[in-house]
Amino acid sequence: QWLVAESGGGLVQSGGSLKLSCGASGFNLDRSAIGWFRQDPGKPGKEREGVACIRGNDGTTYYADSAKGRFAISRDNAKKTVSLQVNSLKPEDTAVYYCAARRGNWIFTTPGAYDTWGQGTQVTVSS
């Protein structure tokens with residue numbers, strides 16, 4: 001059974017940084033693509049947003065415009081971990097951050113393309 005679990009969220013001041021981690025079990029990263037998504041429960045009309053994705057076999061990455069230059073996704077296949085370094089955080093980055101996995105190496109930014117989801121980790125940025 002494919003499982004992923006996030007960790008590393010917290011409360012940080014504007015301009016601060018966090019490192020989010022996604023641990024995978026039940027599969028090897030090189031046979032998957034991993035995406036980081038976020039959703040703010042305080043904004044129920046806003047859809048879950050894909051911020052960064054990585055291809056497990058060769059490390060190819062994709063970033064949403066909102067993440068370019070501030071977020072960095074990386075993987076450690078031996079440790080079955082995908083990390084998301086988030087820098088220069090802004091209050092609008094406040095959200096629950098989810099890790100998701102999909103079979104195969106094509107990367108997508110749409111939540112529906114992923115079939116394995118973690119419970120999420122809260123990131124709160126104070127102004």
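Is D93 buried or exposed in this structure? With a relative accessibility of 1%, D93 counts as buried, where buried means under 20% relative accessible area, exposed means over 50%, and partly exposed covers the values in between (1.4 Å probe, protein chains only). Before going further, a word on the ground rules: this is a predicted model, so local features need pLDDT of at least 70 and side-chain atom pairs count only at pLDDT 80 or more, while totals for chains, interfaces and linings use all residues. Residues are numbered from 1 along each chain as its sequence is written, and side-chain values use heavy atoms, with hydrogens and water left out.

Back to D93 and its partner. The side chain of D93 meets that of R38 in a salt bridge, at 2.8 Å from N to O; the term stands for a side-chain nitrogen of Lys or Arg within 4 Å of a carboxyl oxygen of Asp or Glu. The two ends of this pair sit in distant parts of the chain, 55 residues apart, with R38 in strand β4 and D93 in the loop between β8 (81-86) and β9 (95-103). Strands here are DSSP runs (E, at least two residues), numbered from the N terminus, and helices would be H or I runs of at least four. R38 is itself buried, at 8% relative accessibility.

R38 also forms a salt bridge with E49, and here the closest N and O atoms are 2.8 Å apart. Since R38 lies in β4 (residues 32-39) and E49 in β5 (residues 49-55), this pair ties together parts that are eleven residues apart in sequence. E49 is partly exposed, its relative accessible area being 22%. Taken together, R38, E49, R70 and D93 are linked in a network of salt bridges. As a general point, side chains of opposite charge can pair when their charged atoms come close. The count for the structure comes to six salt bridges, including one between R55 and D58 with the closest N and O atoms 3.4 Å apart. D58 is partly exposed, at 44% relative accessibility.

L84 touches quite a list of residues: neighbours within four places in sequence aside, its contacts (heavy atoms within 4.5 Å) include L18, L20, W36, V51, F71, I73 and Y97.

S32 has a neighbourhood of its own. S32 sits in strand β4 and is buried, with a relative accessible area of 0%. Again setting aside neighbours within four places in sequence, S32 is in contact with W2, F27, R55, G56, N57, R102, G104 and N105.

As for the strands, four of them make up an open sheet in the order β1-β3-β8-β7, with antiparallel pairing; two strands pair if DSSP finds at least two bridges between them. The edges of this sheet are β1 (3-7) and β7, each of which pairs on one side only. From one strand to the next the twist averages 15°, with axes being lines fitted to C-alpha atoms (for helices, over the stretch in contact) and angles running from 0 to 180 degrees between N-to-C directions. β1 and β3 are antiparallel and share five bridges, and V4 stands opposite A24 in β3. Six bridges pair β3 with β8, where G23 faces T81. β7 and β8 are likewise joined over six bridges in the antiparallel sense, with S74 opposite S83. The hairpin of β7 and β8 has four residues between the strands, and in it K80 takes a positive phi near 55°.

Finally, β9. Eight of its nine residues are buried, so β9 is largely enclosed by the rest of the structure. β9 runs antiparallel to β4, with eight bridges joining the two, and Y98 of β9 stands opposite F37. Three bridges join β9 to β11, also antiparallel, and the partner of Y97 in β11 is T121.
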